[in-house]
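Here are my notes on this one, in the order I would go through them with the model open. Have a look at it first, then read on.

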Amino acid sequence: MHQIPERSAPTLAHKILTLSGIVWFCVAAIGQFIFVYYIVAAYVPLLVVEGLPGMANTPLPHGYVERDFLGNIAIAFHVVIAIVIVGGGVLQLTPAIRNHFPVVHRWLGRTYVVLAILTSLAGLHLVWTRGVSGGVFAPYAIAIVGILIIIFALIAITCAIKRQFDCHRRWAMRLFMVSSAVWFFRVWLMFWFMTTGGIGIDPETFTGPFITFTYFAQFVVPLSLLQFYFLAQDSPGSGTKYAASFTIGAATVATAIGIFAATMGMWLPATLP
């Protein structure tokens with residue numbers, strides 16, 4: 001009889017790498033659910049009570065434009081669907097749900113992919129019809145995010161259909177990162193304000209070198225860190241795993257600081273009466 005080769009036990013470096021990823025995800029999940037609460041508390045009541053014109057009373061630039069029905073619908077859809085995208089992404093990547101409730105995981109995943117594509121199309125429409133604050137390069141950065149969301153969503157669902165589950169897992173994680181770009185932008189921005197006082201930002205025009213950097217960093221940095229994590233997972237050596245663990249640990253600390261700053265300085269005050 002042929003013996004089935006035993007799997008080698010995870011090394012200490014691999015365990016530390018896995019733990020670093022779990023800790024970062026838990027910190028990010030807390031921050032994303034706080035963001036979901038902010039959207040629900042600050043935006044949904046305005047839509048329910050005032051309808052589309054209520055978007056004029058939000059921090060969104062050009063939140064409501066008279067006689068632009070399609071644009072107003074797009075921005076309301078974009079805001080409401082963000083609740084599902086941000087909250088649903090965390091649930092999709094939670095192992096307990098994936099392992100114990102596979103039907104929920106599958107249907108939530110299908111819903112997530114469809115809504116991610118639709119909200120990206122709505123976002124692209126808004127960027128090129130209403131513009132965005134942050135300088136001349138901001139629309140291009142946001143457009144790249146929208147295009148990446150659509151591409152990653154299609155690849156993730158294709159891998160799932162082909163039952164290539166490791167491929168599906170990795171592309172779903174990439175999709176989560178780019179879908180969270182709007183959240184990363186706010187967390188990183190508030191981290192910068194808290195630690196430097198806002199160097200490189202003109203508060204009156206919301207422009208400056210740091211704003212330009214952040215518009216691109218909101219998706220480049222998370223995707224790069226995730227790719228480093230995958231590289232470390234696949235590496236047979238311990239050095240890459242320790243380096244990735246340290247990098248992710250530093251990112252976790254920065255993320256926690258940014259979440260605290262965004263919660264206390266942006267999200268919580270907007271939900272108070």
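1. Rings first. Two rings of Phe, Tyr or Trp (for Trp, its six-membered ring) count as a pair if their centres lie within 6.5 Å; planes under 30 degrees apart are stacked, over 60 edge-to-face, and the rest tilted. On that basis, a search of the whole structure turns up 18 aromatic pairs. One of them is Trp128 with Tyr140, edge-to-face at 5.6 Å centre to centre and 70° between the planes. Trp128 belongs to helix H5 (residues 102-130) and Tyr140 to helix H6 (residues 138-161), so this pair ties together parts 12 residues apart in sequence. (Helices here are DSSP runs of H or I with at least four residues, strands are runs of E with at least two, and numbering starts at the N terminus.)

2. Before going further, a word on provenance: the model is predicted, with local features needing pLDDT of at least 70 and side-chain atom pairs counting only at pLDDT 80 or more, while totals for chains, interfaces and linings use all residues. Residues are numbered from 1 along each chain as its sequence is written, and side-chain values use heavy atoms, leaving out hydrogens and water.

3. The cut-offs are under 20% for buried and over 50% for exposed, with partly exposed in between (1.4 Å probe, protein chains only).

4. Elsewhere, ring pairs join Trp188, Phe191, Trp192, Phe210 and Phe213 into a cluster. There are charges over rings to check too (NZ of Lys or CZ of Arg within 6 Å of the ring centre and within 35 degrees of the ring normal). Arg110 puts its charged end over the ring of Trp107, 4.5 Å from the centre, and Arg174 lies over the face of Trp171 at 4.3 Å from the ring centre.

5. The largest nonpolar core has 68 residues, and Trp24, Leu175, Val178 and Trp183 touch the most other members. Such a core is a set of buried Ala, Val, Leu, Ile, Met, Phe, Trp, Tyr and Cys residues joined through side-chain atoms within 4.5 Å. Helix H1 (residues 12-42) supplies the largest share, 11 residues. Not counting residues up to four places away in sequence, Leu175 touches Tyr112, Val113, Ile149, Phe152 and Ala153 (contact being heavy atoms within 4.5 Å).

6. Thr58, in the loop between helix H2 (44-50) and helix H3 (69-92), is buried at 12% relative accessible area, and its side chain reaches the backbone oxygen of Met55 at 2.8 Å. Gln92, in helix H3, is also buried, with a relative accessible area of 12%; a polar atom of the Gln92 side chain lies 3.2 Å from the backbone oxygen of His105. Polar contacts here are N or O pairs within 3.5 Å; within protein, one atom must be able to donate a hydrogen and the other to accept it, and residues adjacent in sequence count only if both atoms are side-chain atoms.

7. Last, some backbone angles. Arg67 is not a glycine, yet has a positive phi near 65°; Arg67 sits in the loop between H2 and H3 and is exposed at 81% relative accessible area. Phe206, again not a glycine, has a positive phi of about 55° and is partly exposed at 23%.
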